[in-house]
Amino acid sequence: MTKIFMAMIALLYAIPAYAMDGTAFLKQVDRNLNPESYESYRKLINVEPDGRKKEYTLFTVKKGVDKVASIFLAPASEKGRSTLRLGDNMWFYIPNVGKPIRITSLQSVVGGVFNNADILQLDYAAEYTVEKVEQNGNEYLLYLKAKTKTVAYDRLKLYADGKRKLPAKIECLTEASMLIKTIYFKEVKDFGGGVVRPAVIETDSPLYKGYKSVMIFAKVKARDFRDEAFTLTFMPNLESLR
Amino acid sequence: MVVAVLAYLLHFFIGIPSVAIAEEYTFDISETEKKPYHIGGYAEIRPALFGLDKDASLYKLRFYNRDEGGTLEEYNAALQLEGGLEKGVARLFVRTNTDYRNSYLGEDFKTTVYEGFLSLKPSSSLTIDIGKKTLKWGKGYAWNPVAFVDRPKDPDEPEQNLEGFIVVSADYIKSFPGPLKTVSFTPVLVPAYKDVNDDFGDIDHLNFAAKLYALYYDTDIDFMFLVGGSKTAGYGVDFSRNITTNLEVHGEWAFIKDYEQKYLSDTGDIIENEVDAVSYLAGIRYLTEKDTTYILEYYRNGTGFTESEAGNYYSFIDNGYVTYVSTGNDSLLKKALNMTTGNYGKTNPMKNYLYLRASQKEPFDILYFTPSIIGVFNVNDKSFSLSPELLYTGIKNLDLRFKTSILRGDRYSEYGEKPNDYKVELRARYYF
């Protein structure tokens, strides 16, 4: 009898929260992570198993659901390099090479566990559809499926805080549900202007045992840009937006 | 069933991390303050060892009147400085390159202004540049047949900075909703007069070039041309597109009108022709699941030499060398030298080439370590250069690279007739 009762309780927890609009929730998560158009500074830290670190500082701008660009400010070896993403298209501009070259989402311009899709993250709702939502009290688990084959991860399991509508953890999976990496969202901070979001994103991966990469956010604020700032021709001039 | 559900729930509960788990990471906000000026660059040392091929035609041409033994050492150093000053809509940018070389020819020291231009940006849609700058048109990695206003790059070092030309150029950008996302237009004026771009081509011409770029249905497309008289007119198109998350394709096509071809006949006479030439390039960049990146390109050089035209050149040098050894008369070798400069001596001067670069990111879990192998194959004469390379970037602002190049080919083939059989090079580059 006890077993049946426990199973019923368990099933109640496991039943998808049909009453909830998963897509609307995901869009709210996106908006809480950052304004639709904004600028921010980020520090990327790759941490090796022995504790050694390599750091990069980036200035990032985003507009709408599918435009994001970043320029490296430090270290000196990377300064002036910039990246641009327009939907599924990504480019990397190296001042020495002098022209933007196309890159793919699974590559990484900084090495470490973050790939280009992580660094040039678009709104989750722009790239994924919500297949299922599970609720456990104030915590939600969203099962996301990539809208197209060109998205870096075929499936995401997004664990979210239902009250703040912010992600706590995201598991990135292949089509065969193999775990590629886990992204942890930490240290929720008030950046001003109504932006309250995790200030630290950390990731590790079973493919890079012992390594982890960290992204720290600063000066996240809403700002509008002209579309022309998100073009190949403008990439060498991204610094002028600061 | 119950156990499975409970196990699943347990996973679900403990799967959500506490926000309190946080390690201390620092982000000094002062790093983000913008300064109106910027000074940077790099310094490098690059010692190299060449293994000479005494039977090769180009060895005979270069060393016919000296004996340098079986190997040659060369000590190179470079200092590249760049500075920028920004005020309002104006930005001044200068990049200089100083090369030091200590070789069998003695010490050589040369400073060149690679770029130096004033950039005016009255809006995010319009930029006007005046001064010396590189334009670097084209989508190819190793070669760019559509780069009409650039100096040719070296497929061995395609990511090196190059010296620009003095130009007046503008970039006008417009974005749109829909499948045509971006259009930009880049008109360029290239004066070629005494002391101004006198190495661009024939002097006393004001050349005009332009590029029209579009991002259309997720494909980068460029149309470009160059007219004006210093060089033969060129018209080109290129494209680039991501097919999947790990595969990119690109291509270039160029039409060069009335190209002045100059080559040696089998009797050693100089033959000059005017031909319309078509050059093109097709390439892919592919990333495997194991993080190996392949860049593969095929290059058709329409202005290049055929195998027999190249053979005539090597045979002419050999004949000149025999004459020099038997009579001391080097006039034929001097004639060959004249035919080398800007002609047979160009990088990859023949018709058909393949380029392959395979690089493995961080093998054996060694972070920031990238071994690569680069192959350039001459499809016509089956000669090739193969260059294994080890790159380590784990020390802040320091790149360490060890590269070996092995050159192989039959007699009278491009790589078979290079003056060296191999090259070993170490490069330490520090950025500041």
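Me: On what conventions do the numbering and the values rest?
Reply: Residues are numbered from 1 along each chain as its sequence is written, while chains are lettered from A and ligands numbered from 1 in the order in which they are written. Side-chain values use heavy atoms, with hydrogens and water left out, and since the model is predicted, local features need pLDDT of at least 70 and side-chain atom pairs count only at pLDDT 80 or more, whereas totals for chains, interfaces and linings use all residues.

Me: How many helices and strands does chain B have?
Reply: Helices (H or I, at least four residues) and strands (E, at least two) are taken as DSSP runs and numbered from the N terminus. The C-alpha trace of chain B spans about 95 × 50 × 45 Å along its principal axes, and its secondary structure comes to 4 helices and 18 strands.

Me: What share of the 432 residues of chain B counts as buried?
Reply: A residue is called buried under 20% relative accessible area, exposed over 50% and partly exposed in between, with a 1.4 Å probe and protein chains only. By that rule, the share of buried residues in chain B is 49%.

Me: Among contacts in chain B between residues at least 6 apart in sequence, what percentage joins residues at least 24 apart?
Reply: Contact here means heavy atoms within 4.5 Å. Among the contacts between residues at least 6 apart in sequence, the part joining residues at least 24 apart is 53%.

Me: How many cavities of 30 Å³ or more are there, and how much space lies in the largest cavity?
Reply: On a 1 Å grid over the protein atoms alone, a cavity is a set of points where a 1.4 Å probe fits but cannot get out, and lining residues have an atom within 4 Å of a point. Grid points are joined across faces, edges and corners, and a volume is the space filled by probe spheres set on the points. The count comes to 4 cavities of 30 Å³ or more, and the space in the largest cavity is about 270 Å³.

Me: Which element gives the most to the lining of the largest cavity?
Reply: The lining has 22 residues, and those nearest the centre of the cavity are Asp118(A), Gln121(A), Tyr124(A), Ile201(A) and Phe217(A). Elements of chain A that give two or more residues include helix H2 (22–33), helix H3 (116–119) and strand E12 (195–204). The most, 3 residues, comes from E1(A).

Me: Which residues of chain B does Glu48(A) touch?
Reply: Glu48(A) is placed in the loop between E1 and E2 of chain A, and it counts as buried because its relative accessibility is 10%. Leaving out residues up to four places away in sequence, Glu48(A) touches Gly210(A) and Tyr211(A) and, in chain B, Leu367(B) and Tyr368(B).

Me: Which residue of chain A does Thr293(B) touch?
Reply: Thr293(B) belongs to strand E13 (residues 292–300) of chain B and is buried, with a relative accessible area of 14%. Residues up to four places away in sequence aside, its contacts include Arg285(B), Tyr286(B) and Arg357(B), and in chain A Gln107(A).

Me: Is Asp55(B) buried or exposed?
Reply: Asp55(B) sits in the loop between strand E1 (37–52) and helix H2 (57–63) of chain B. It touches Lys60(B), Arg411(B) and Glu417(B), not counting residues up to four places away in sequence. Because its relative accessible area is 53%, Asp55(B) is exposed.

Me: What is the relative accessibility of Ser169(B)?
Reply: Ser169(B) lies in strand E6 (residues 165–175) of chain B. Beyond its neighbours within four places in sequence, Ser169(B) is in contact with residues including Thr127(B), Asp129(B) and Pro187(B). It counts as buried, with a relative accessibility of 4%.

Me: What is phi of Asn397(B)?
Reply: Most residues other than glycine have a negative phi, and most peptide bonds are trans. Asn397(B) lies in the loop between strand E16 (384–395) and strand E17 (398–408) of chain B and is buried, at 10% relative accessible area. Its phi is positive although the residue is other than glycine, with a value near 65°.

Key
On a 1 Å grid over the protein atoms alone, a cavity is a set of points where a 1.4 Å probe fits but cannot get out, and a pocket is an open set with protein on both sides within 12 Å along at least five of seven lines; lining residues have an atom within 4 Å of a point.
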